[in-house]
Amino acid sequence: MEIFLQQLVNGIVLGSIYSLVALGYTLVYGIMGLINFAHGDVVMIGAMVTLTVIRLLSGSGLPGPLVVLCGLGAAIPFCMMTGYLMERIAYRPLRNAPRLAPLITAIGVSILLQNVAMLIWGREYLSFPQLLPAHAFPFLGASISFIQILIVAGSGIMMACLSILIRKTRLGNAMRAASQNAEVATLMGVEVNSVISITFMLGSALAAVAGMMVSAYYGIAHYDMGFLLGLKAFTAAVLGGIGNMEGAMLGGLLLGIIESMGAGYLGTLTNGAMGSNYQDVFAFFVLILVLIFRPSGLLGERVGERP
Amino acid sequence: MPRSFLILLAAILAGCAKHESGSELVIRIGSVAPLTGPQSHLGKDNDNGVRLAASELNASNLVIGGKKARIEILSEDDQADPRTATIVAQKFVDEGVNGVIGDLNSGTSIPASKIYSDAGIPQISPSATAIAYTSQGFATAFRVITNDRQQGEALAKFAVDDLKAKSIAVIDDRTAYGQGLADEFVKDARALGANIVDREYTNDHATDFTAILTSIKGKHPDLIFYGGMDAQSGPMMRQLRNLGSQSLFLGADGSKSPEFIRLAGQSAEGAYASSPGMPVDKMPGGPEFMKKFEAKYGKIQIYSPYSYDATMVMVEAMKKAGSAEPSKYLPWLSKVEWNGVTGPISFDAKGDIKRSTVTLYRVANGAWKAIN
């Protein structure tokens, strides 16, 4: 039972990270119907920038959590800038091109970001120093570490803020208008171009936070970490219903739990025939099942009121 | 006038160059290791060992078969990928190299060894420890490092007899090296009376081990053994401690590197690992090698003394045979006896090193310390 609970906790933590990244996919898809495959690499950039700042501050004697916060403070604007430039340079010229063109461009941007990161930060695995308290709290037999609480709470707060932003503010109104019908929104005085830019920047800010979380959690960062993470988050977005914000959150959490449970119990269930080495397969197995049985996702692809 | 002078000059220079290569025997040795990817630090380490040996040999007035000889190193990247390793092997064969030092991994050395064997080109791996590498019946496959049968036995004995581990969980990365070593370890540990409570798997690109570590933690093993490389075992060690598990952690030679400690951070304290052979400072030629190597390339990772020795042994066989022709010096490789940096080197009928030693290490105060 305690092991089950521990796997559940692991799954929720992993799922919170997936949710944050999945929101980036869903926001962009909701507003312009583009699957931004470079989004996972923005997560990587977030992790790398955080790490760079942490290294610069490592000798300064500041308390660990403050150093991490400084890193995040640098990573968020940096990633927002990356997101903005990505949209401005790579996607805007293709706004009215056939749908396949921006999709392929997105893959190109992803490869570009990975290679630039490889040139700057090298090919080696980078270690994330243990700056956050490592101690764990016992909880009904399972142990929950400080960083796990931080990840779940952090992504919960970010998602709540985003929900409020999209539902209650003028900007959110403009975003929803642009997603329903960009042309009509333009006629109503919504500046669609800047709304799209802001959407990219919002998604990238979430990605920066996710990048910090994932590298702090696993203690490691490297230039192609965004690829698999991005694909899994995309799966999460599809699982919940792409373009649907609650869907991304639910899909992320579910995927994290499925993966964690799968890796933890597959060996026992199949009596050793299949083991934890199939962990990465689950995400894509789920993707296939969803595409077969419920192509619009669990909560549906809410076209009418896409956020 | 100036132009014709230049042409004349060029002609003279070209003549000189031609004259040079005519009197000098150029020996081309292929050096293959993962130079990119998560194991690139180890790959570069191996490659630097080969290069150090070559530059020393070249500076030492090398004469083979009465001819002045010069060694040229061709470095290739196998990305630790078996498929790429066979492409590199074919490339070396096509280029007609005289011998090959590599590959670093067992998973790459084994498929490549078939190609070298077919072409009759001697291959000495500085670091492939999987048993299968030398047991395929290839006359061209050699290694200068203790194999996994010897290492697995020493590890199991250490875990059960010295660390008194009764229940053990085993994880491997499903590569020829990791799986082979883990299988040997499991077999020997069972024979010594230990109970294997869990067997989990990951891969050599994974970073998330929380799920498998959690299910291991539920079985409360005294010790966790990992068969694989430091890029996984470092983060794994850290995640293990973050989960609140206090089980002992034992790795093999793939984990015994400064990289492991860097990646695991403070969690590395108390981890155990083995390494074939001796610690660099206890090797017969260790301190001297360390000085030479570090002046040129920086810190030794793991295997550079072995790749250095492998190169030296290969050239020694060429000297004895008086030829760098693979078919001429290959018979000499199994006869040659060489006092290398890592100790005396001679090969048995399979191509394994005759004298095998395994040393165990523990992390204390952020560094690997040999346990006597």
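Colleague: What makes up domain 1 and domain 2 in the domain assignment of chain B?

Modeller: This is a predicted model, in which local features need pLDDT of at least 70 and side-chain atom pairs count only at pLDDT 80 or more, while totals for chains, interfaces and linings use all residues. Residues are numbered from 1 along each chain as its sequence is written, and chains are lettered from A and ligands numbered from 1 in the order in which they are written. The assignment, automatic or from a database, gives 2-146 + 283-345 as domain 1 of chain B and 149-276 as domain 2.

Colleague: How many residues of each domain of chain B count as being in contact?

Modeller: Two residues are in contact if their C-beta atoms, placed from the backbone, lie within 7 Å, and the contact takes 16 residues from domain 1 of chain B and 15 residues from domain 2 of chain B. On the side of domain 1, helix 4 (residues 106-119) of chain B gives the largest share, 3 residues; a helix here is a DSSP run of H or I with at least four residues, and a strand a run of E with at least two, numbered from the N terminus.

Colleague: Which elements of chain A give two or more residues to the side that touches chain B?

Modeller: In that interface 25 residues of chain A are in contact with 29 residues of chain B, and the elements are helix 1 (2-32), strand 3 (142-145) and helix 10 (245-269) of chain A.

Colleague: What is the mean pLDDT of chain A?

Modeller: On this scale of the predictor's confidence in each residue, from 0 to 100, chain A has a mean of 89, with 97% of its residues at 70 or more.
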